[in-house]
Amino acid sequence: MDVVLEADRLGKRYGRTWALRDCSLHLPAGRIAALVGPNGAGKSTLLHLAVGLLKPDAGAVRVFGRSPYGDTEGLADIGFVAQDTPLYGDFTAAELVIAGGKLNRRWDAGLARNRLAQLGIPPDRPVGKLSGGQRAQVALALALAKRPRLLLLDEPVASLDPLARREFLQSLMGSVADAGTTVLLSSHLLADLERICDYLIVLNAAQVQLADSADDLVAGHRQLIGPRHDGGPIGGVAAIVRASHTDRQSTLLVRTDGPVTDPAWTVREVGLEDVILAYLADGSTQTSHDEWGVPA
Ligand SMILES: Nc1ncnc2c1ncn2[C@@H]1O[C@H](COP(=O)(O)OP(=O)(O)OP(=O)(O)O)[C@@H](O)[C@H]1O
């Protein structure tokens with residue numbers, strides 16, 4: 001298995017606060033991977049470390065086997081669209097396509113122009129005067145024109161309307177499938193991610209909760225409904241990820257290590273969104289409650 005991105009006990013700290021801690025994961029080549037987690041979980045921090053904008057305070061990150069920080073050579077293989085899609089606002093989209101050609105070794109200006117034409121982006125208007133969604137499209141077109149082997153996108157669809165979002169994700173999938181590009185994209189829109197991603201990384205409170213293929217995650221989790229559970233072992237269950245109870249009944253989302261055959265439990269398959277939500281709900285906010293001086 002070719003690994004594109006590898007983090008080994010990676011950490012980044014701002015003052016006393018760890019934005020990312022003990023992060024170990026690998027992203028296999030050719031995947032479209034979702035990076036999910038609540039606000040402040042460390043998603044942008046991980047992406048910034050992967051593109052070399054931040055220097056690790058602990059552990060290591062490698063992209064195509066190289067440490068990205070200070071490695072300008074390695075940047076040629078990485079496309080990055082930051083959360084606020086920063087672009088030079090006084091430049092027109094057409095000028096940015098030309099500038100990209102001067103700044104990058106590998107540059108497919110035709111690809112950028114075709115995409116922008118298809119999307120109806122005016123070539124001669126300063127990008128600072130485009131809508132937020134149009135700017136996001138320009139930023140993506142420029143990132144794709146680099147023909148990167150790894151594309152990192154930080155909440156690329158947040159500013160798009162539902163139709164533009166669907167079109168954006170479809171065209172993204174088309175472009176990267178043709179080129180075999182590996183994609184890591186952060187988003188809060190779980191339904192979109194479930195549709196397009198085949199790999200999932202869940203961060204919560206600066207730590208990796210999950211990093212695995214979507215198919216394996218769905219196959220390895222089940223919902224169990226049965227009599228109120230006293231906490232004892234259940235055959236076929238490796239871990240209870242999330243539990244909710246009424247007086248008489250328990251509903252559990254569990255990670256399985258075999259078939260659950262106990263007839264007391266009704267066993268249901270789950271979707272990727274159910275798995276993500278179960279792991280996100282597990283995050284502790286004890287530190288925050290301590291800082292605010294209120295009980296958890
Ligand atoms: N420049 C900074 N200085 C201090 N703290 C920072 C800085 N950047 C991020 N942080 C903190 O690091 C943690 C992780 O932030 P990060 O932006 O990586 O989260 P995120 O998962 O991308 O969040 P969101 O979904 O809100 O974009 C947060 O607690 C945040 O407050």
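A crossing of two helices is called right-handed if the near helix is turned clockwise from the far one by less than a right angle. Keep that in mind while looking at this predicted model, where helix H3 makes a right-handed crossing with helix H4.

Let's stay with that helix pair for a moment. H3 covers residues 109–118 and H4 covers residues 132–145. Their axes lie 8 Å apart, and the two helices pack at an angle of about 155°. Anything over 145 degrees counts as roughly antiparallel, and H3 and H4 are therefore roughly antiparallel to each other.

So which residues in H3 and H4 meet? On the H3 side, look for Ala109, Leu111, Ala112, Arg115 and Leu116. Across from them, H4 brings in Val138, Ala141, Leu142, Leu144 and Ala145. Sorted by class, this contact of H3 with H4 has 9 nonpolar residues, no polar ones and 1 charged residue.

Now for the strands. Three of them, in the order S2-S1-S4, form an open sheet with antiparallel pairing. Strand S2 (17–28) and strand S4 (58–63) are at the edges, and each has a single partner strand, so one side of each is left without a neighbour in the sheet. On average, neighbouring strands here are turned by 20° against each other, ignoring direction.

Zoom in on S1 and S2 to see how that part of the sheet is joined. Strand S1 takes in residues 3–14 and runs antiparallel to S2, with 8 bridges joining the two.

Key: Residues numbered from 1 in each chain as written. Predicted model: local features only at pLDDT ≥ 70, side-chain atom pairs only at ≥ 80, totals over all residues. Axes fitted to C-alpha atoms, helices over the stretch in contact; angles between N-to-C directions. Helix = DSSP H or I, 4+ residues; strand = E, 2+ residues; numbered from the N terminus. Parallel < 35°, antiparallel > 145°, perpendicular 65-115°, else oblique. Contact = placed C-beta atoms within 7 Å. Nonpolar A, V, L, I, M, F, W, Y, C, P; charged D, E, K, R; others polar. Pairing = 2+ DSSP bridges.
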